[in-house]
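Work through the exercises below with the sequence and the model side by side. Each task is followed by a solution in steps.

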Amino acid sequence: MSEIGNKKVGFIGGGRMSEAIISGMFSSGLVRKENVYVTDVSASRLSYLKESYGINTIYSSESFENQGGMDLLDEADVVIMGTIPQAAPKILLDLALKIDERMPIFLSIMGGVTLNYIEGYVKKAHVIRVMPNTPMLVKQGAAGVALGKNATEQDGRIALEIFNSVGKAYLLPEELIDPLTSVSGCGPAYAAMFIQAMADGGVEMGLPRSMAVELAAKTLVGTGTMILEKNMHPEILKDNVCTPGGGTIAGVRALESSGFRAAVMDAVESGMKRMIDVANRV
């Protein structure tokens with residue numbers, strides 16, 4: 001049974017992440033289109049969303065702090081804040097009174113913005129911090145969900161239900177949100193770089209560019225699927241491909257000689273440190 005039921009869901013910001021969530025909720029039958037509201041500063045973006053999904057749109061003329069955001073809060077039971085972190089202080093300051101009056105479930109997908117920071121403005125709201133990633137756009141997302149001090153178990157189930165509709169959501173303590181972000185949030189960029197590098201290698205060996213990109217992308221998708229669906233440890237999968245004296249083990253040695261694994265681990269650590277830095281600068 002759905003935890004959302006007939007609740008109205010509002011989005012502050014109608015970007016690609018918000019659209020992915022809307023699409024996932026609709027495809028999973030979680031909400032009806034008349035129960036979804038979006039406010040944005042872009043009239044053309046709102047027009048596109050309304051035409052594509054039949055949802056309610058509320059225009060904010062210059063900034064989300066004006067009447068558009070306030071009107072949305074009059075309607076929504078669940079508010080998803082999908083703006084850039086730098087916009088958080090002004091938006092939260094102007095929306096704080098309205099949020100505390102109605103006390104909706106308030107989900108933030110702003111990277112690096114902590115629960116403590118948000119709750120400093122919206123003291124009574126049921127705040128939940130969520131860190132999704134871009135594969136939500138193809139319903140293969142991964143999201144970390146951390147509950148604020150006022151959020152209930154039911155609030156958490158609602159958040160999990162929303163983000164499971166676009167992939168897999170994990171309930172975890174907030175101190176693990178930044179490590180999760182550095183893997184699943186930043187990881188699509190690293191994966192795309194690896195696909196591009198493999199494709200470049202294929203092109204150098206004579207493959208057509210389009211074929212090389214498709215081969216590399218399908219290889220990553222297929223490998224990830226094997227690990228998840230067959231419950232295979234990555235090391236075992238790697239060993240199974242490395243036949244004695246074969247081409248794969250030669251390639252593995254080349255990667256190790258170039259510090260491949262250490263470079264990836266360093267990237268994950270650097271991503272986490274930057275997210276902490278972002279939080280300190282909001």
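**Exercise 1. A surface methionine**

Solution. Helices (H or I, at least four residues) and strands (E, at least two) are DSSP runs, numbered from the N terminus. The model is a predicted one, in which local features need pLDDT of at least 70 and side-chain atom pairs count only at pLDDT 80 or more, while totals for chains, interfaces and linings use all residues. Residues are numbered from 1 along each chain as its sequence is written, and side-chain values use heavy atoms, with hydrogens and water left out.

Methionine 211 has a relative accessible area of 41%, so it is partly exposed. The classes are buried (under 20% relative accessible area), exposed (over 50%) and partly exposed (in between), with a 1.4 Å probe and protein chains only.

**Exercise 2. Salt bridges**

Task: How many salt bridges does the structure hold, and which parts of the chain does the pair of lysine 8 and glutamate 75 link?

Solution. The count is 11 salt bridges, each a side-chain nitrogen of Lys or Arg within 4 Å of a carboxyl oxygen of Asp or Glu.

Step one: lysine 8 and glutamate 75 form a salt bridge with an N to O distance of 3.5 Å. The two residues are 67 apart and link distant parts of the chain, with lysine 8 in the segment before strand S1 (9-12) and glutamate 75 in helix H3 (residues 67-75). Lysine 8 is partly exposed at 27%, and glutamate 75 is partly exposed at 30%.

Step two: aspartate 178 and arginine 129 form a salt bridge whose closest N and O atoms are 3.4 Å apart. Aspartate 178 is in helix H7 (residues 177-185) and arginine 129 in strand S6 (residues 126-131), so this pair ties together parts 49 residues apart in sequence. Aspartate 178 is buried, with a relative accessible area of 14%, and arginine 129 is buried, with 3%.

Step three: between aspartate 200 and arginine 209 the closest N and O atoms of the salt bridge are 2.6 Å apart. Aspartate 200 is partly exposed at 34%, as is arginine 209 at 43%.

**Exercise 3. Strand S6 and its partners**

Task: Is S6 largely enclosed or open, and in which sense does it pair with S5 and with S7?

Solution. Five of the six residues of S6 are buried, so the strand is largely enclosed by the rest of the structure. S5 and S6 run parallel and are joined by four bridges; two strands pair if DSSP finds at least two bridges between them. On this side, isoleucine 105 has histidine 126 in S6 as its bridge partner. S6 and S7 pair in the antiparallel sense, also over four bridges, and isoleucine 128 stands opposite leucine 147 in S7.

**Exercise 4. Helix H6**

Task: What span does H6 reach, and what covers its buried residues?

Solution. H6 (residues 153-164) has 12 residues and reaches 16 Å from first to last C-alpha, close to the 16 Å expected at 1.5 Å a residue. The expected span is 1.5 Å times one less than the number of residues. Among the buried residues of H6 are Asp155, Ile158 and Phe163. Their cover includes helix H1 (16-27), strand S5 (105-108), S6 and strand S7 (141-147).

**Exercise 5. The whole chain**

Task: Which secondary structure elements does the chain have, and what share of its residues is buried?

Solution. The protein chain has 12 helices and eight strands. Of its 282 residues, 40% are buried.

Methods. Contact means heavy atoms within 4.5 Å.
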